[in-house]
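Subject: Structure handover and notes

Hello,

Here is the structure for your files. My notes on it follow below.

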Amino acid sequence: MSAAFLDLPQFGSAAGTLRLPGSKSISNRVLLLAALASGRTEIRDLLASDDTAHMLAALRTLGVGIEPAGDAALAVSGVAGELPVRAAELFLGNAGTAFRPLTAVLALAGGTYRLAGVPRMHERPIGDLVAGLRQVGAEIDYLEGEGFPPLLIRPPRRSTAAVVRLRGDVSSQFLSGLLMALPLRGVETTVEIVGELISRPYVEMTLATMARFGVAVQRDGWQRFTVAAGSVYRSPGVLHVEGDASSASYFLALGAIGGGPVRVEGVGNDSIQGDVRFADALAAMGAQVSLGDNWIEAAAPLAGAADGRLHGIEIDCNHIPDAAMTLATVALFASGPTTLGNIASWRVKETDRIAAMANELGKLGVRVDSGEDFIRIHPPAADQLLQPAVIDTYDDHRIAMCLSLAARGAPLRINDPQTVGKTFPEYFERFAAMTRPVPVVAIDGTSASGKGTVAARVARALGWHYLDSGALYRLTAFAALRAGAGCDDEAAVAAIAATLAVEFSGTSIHLAGEEVGDAIRSEEISRAASLVAALPAVRSALLFRQRAFRRPPGLVADGRDMGTVVFPDATTKVFLTASLAMRAERRLKQLIGKGIAANIRDLVQDLAERDARDGERSVAPMLPSTDAELLDTTDLTIETAVAQVLDWVNKVPGKG
């Protein structure tokens with residue numbers, strides 16, 4: 001996926017079964033420990049993502065042997081704690097699960113290394129980890145800002161220190177990285193936590209993974225962790241990576257807000273990941289949740305439960321720091337506010353997630369309160385709609401995936417969608433397979449072929465919304481002429497299109513509060529609309545605006561590229577044509593009915609020129625979609641044409 005944006009239609013329901021990709025956190029822990037261990041480790045179900053790619057590239061640079069082992073598995077030849085390469089420069093992107101533990105391991109490995117990442121990684125604090133490592137002899141220099149990457153690591157000085165004091169209230173990755181590195185010292189070392197330890201489930205995951213490789217860490221509550229002298233990593237032979245519990249949260253949420261049931265496979269009762277407890281939070285909100293050893297399933301509340309909606313909760317999220325982000329979007333569909341607390345760690349992730357979530361949720365038209373360690377979402381009333389919105393993702397995979405769920409309540413544009421590649425490259429494909437979008441009937445055709453009249457009547461018969469896309473181009477032309485912009489001034493007209501203050505209400509069309517329905521139907525505006533519609537920047541500016549009309553229970557849209565460009569996934573596509581003579585005759589009757597003088601010869605010429613312009617434009621030329629039904633209306637009444645379209649619509653399984 002390389003597009004600058006992805007438009008998500010509003011969906012009405014969600015259901016299905018998904019096999020989860022491997023856990024990012026477990027994948028990178030397993031890769032690192034397999035590299036440090038003695039023996040060969042075959043890793044199965046490893047996550048293929050940006051974060052794991054950075055870890056794999058770094059380990060290979062450090063001299064670790066890694067090769068395919070068949071059936072999407074990898075074999076890692078461990079170095080028994082002695083890295084072959086003692087001088088290297090490593091680029092780790094924005095992968096915190098690679099940068100933090102590698103910093104700790106390389107600080108005790110006896111070489112000289114330079115670690116860098118993307119600009120955002122250089123804004124993520126690492127000072128507490130460095131301070132802890134320095135207590136056991138690490139020689140680490142900050143190359144730019146104090147307390148932040150990039151780092152220069154040199155061979156450690158000799159140290160007999162037996163205790164390391166480490167802050168626990170910024171990131172659990174600091175403790176995890178330090179614990180995984182301490183066996184390299186060869187002497188007993190105790191880590192004492194200063195303050196409260198956040199994200200404890202991730203530390204439990206680290207301890208469980210270390211135990212799989214033969215190192216048992218002694219724990220005294222959540223304050224003291226001891227790695228015994230002589231601890232060494234040994235390969236467990238074959239190791240399976242659990243499905244990613246954080247990724248599971250998005251699909252379990254789909255089940256809760258979209259009816260369901262949705263089942264995720266790869267995590268369950270036996271998972272070592274704390275984020276499986278996201279299921280408990282959904283249950284607390286009223287969702288139907290069930291678990292097995294290797295699966296979790298979620299569905300919407302029972303119809304007879306309260307008002308059939310989820311309900312808001314107040315929850316301490318220390319145990320589910322990543323999955324808690326998903327609750328912020330689920331909260332949009334609950335009755336009453338939801339407060340997520342103890343989430344200060346969000347601020348030092350790929351972006352400041354508290355600020356980002358508050359800002360993006362606010363675009364949907366809801367009130368959001370936030371502070372240093374909490375966010376509170378006030379959902380709309382049951383009879384109010386979310387606003388269509390363009391969502392910025394801040395180069396943060398979880399922002400993209402969490403906010404996609406808001407498409408249950410409004411059409412969305414997700415900017416920079418490829419950021420999901422950090423943990424779940426196929427996320428949007430899986431999302432589309434699970435969801436059922438609001439249906440669309442796309443009716444395209446030539447000028448005066450009857451598409452506007454037919455589309456409006458089909459919409460009325462179905463009880464669906466109606467989009468006259470031509471009106472948007474007419475409004476753009478009308479506003480451009482009023483502003484003194486030439487119809488060939490692409491940049492100026494596109495800027496006007498992007499900011500149109502338009503409102504459709506029944507048969508009325510308002511521009512900046514002024515009724516302009518009749519004004520935009522003049523021949524002058526029709527010709528101008530055809531000219532501006534040929535401008536690529538104008539079509540781009542109006543694309544999402546048109547898609548935002550796709551609301552339940554369905555949409556009937558007419559135009560010239562509804563089925564080919566705007567709604568290529570329309571459930572029914574129709575292309576109307578008629579002879580040039582018949583179209584000119586129809587247009588003449590329309591104009592005479594409005595008291596406008598016209599002659600048939602000029603109308604024939606004008607329609608022919610418009611057809612040529614529409615068919616030859618570089619962007620979205622007027623052509624029937626390959627899967628469209630063709631309907632020649634030359635000899636048909638409006639009633640007959642409408643009946644034929646409705647017959648095609650009714651033949652589509654589950655159209656509503």
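Helices (H or I, at least four residues) and strands (E, at least two) are DSSP runs, numbered from the N terminus. With that convention, H122 falls in the loop between β7 (112-116) and α4 (127-134).

Two points on provenance before the rest. Residues are numbered from 1 along each chain as its sequence is written, and side-chain values use heavy atoms, with hydrogens and water left out. The model is predicted: local features need pLDDT of at least 70, side-chain atom pairs count only at pLDDT 80 or more, and totals for chains, interfaces and linings use all residues.

Loop residues and a strand residue

H122 has a relative accessible area of 18% and is therefore buried (buried means under 20% relative accessible area, exposed over 50%, partly exposed in between, with a 1.4 Å probe and protein chains only). Contact here means heavy atoms within 4.5 Å. Apart from neighbours within four places in sequence, H122 is in contact with A116, G117, E144, F148, P149 and P150.

S447 sits in the loop between β27 (440-445) and α13 (451-462). Its relative accessibility is 3%, so S447 counts as buried. If residues up to four places away in sequence are not counted, S447 touches R560, R583, R587, L607, R610 and D611.

S508 belongs to strand β30 (residues 508-511). S508 has 25% relative accessibility, so it counts as partly exposed. Not counting residues up to four places away in sequence, S508 touches E503 and E515. From S508 to R200 the separation is 308 residues in sequence and 58 Å in space, C-alpha to C-alpha.

Helices

Helix α3 covers residues 96-107. The expected span of a helix is 1.5 Å times one less than its number of residues. For the twelve residues of α3 this gives 16 Å, and the end C-alpha atoms are 16 Å apart, so the two agree. Twelve of the twelve residues of α3 are buried, which means that the helix is largely enclosed by the rest of the structure. Among those buried residues are F99, R100, P101 and L102.

Helix α14 has 15 residues and reaches 21 Å from its first C-alpha to its last, close to the 21 Å expected at 1.5 Å a residue. Eleven of its 15 residues are buried, so α14 is largely enclosed by the rest of the structure. The buried residues of α14 include S469, L472, Y473, R474 and F478.

Two packed helices are described by the angle between their axes and the distance between the axes. Axes are lines fitted to C-alpha atoms, for helices over the stretch in contact, and angles run from 0 to 180 degrees between N-to-C directions. Helix α14 (residues 469-483) packs against helix α15 (residues 490-498) at an angle of about 120 degrees, and their axes are 9 Å apart. That angle makes α14 oblique to α15 (under 35 degrees counts as roughly parallel, over 145 as roughly antiparallel, 65 to 115 as roughly perpendicular and the rest as oblique). The contact is made by T476, A479, A480 and A483 of α14 and by V493, I496 and A497 of α15. The crossing of α14 and α15 is right-handed (left-handed if the near helix is turned anticlockwise from the far one by less than a right angle, right-handed if clockwise).

Cysteines

A disulfide is a pair of cysteine sulfur atoms within 2.5 Å. A search of the whole structure finds zero disulfides. C317 is in no disulfide, and its nearest cysteine sulfur, that of C402, is 12 Å away. Seen from C402, the closest cysteine sulfur is in C317 at 12 Å, too far for a bond. C317 is buried, with a relative accessible area of 0%, and C402 also counts as buried at 0% relative accessibility.

Backbone

The peptide bond from G260 to P261 is cis, with omega near 0 degrees; P261 is in strand β15 (residues 259-265). The peptide bond from P552 to P553 is cis, with omega near 5 degrees. P553 lies in the loop between α17 (536-547) and β32 (555-559).

A80 has phi near 55 degrees, a positive value in a residue other than glycine, and is in the loop between β5 (74-77) and β6 (87-91). For A512, phi is near 55 degrees, again positive in a residue other than glycine. A512 lies in the loop between β30 and β31 (514-515) and is exposed, with a relative accessible area of 66%.

Regards
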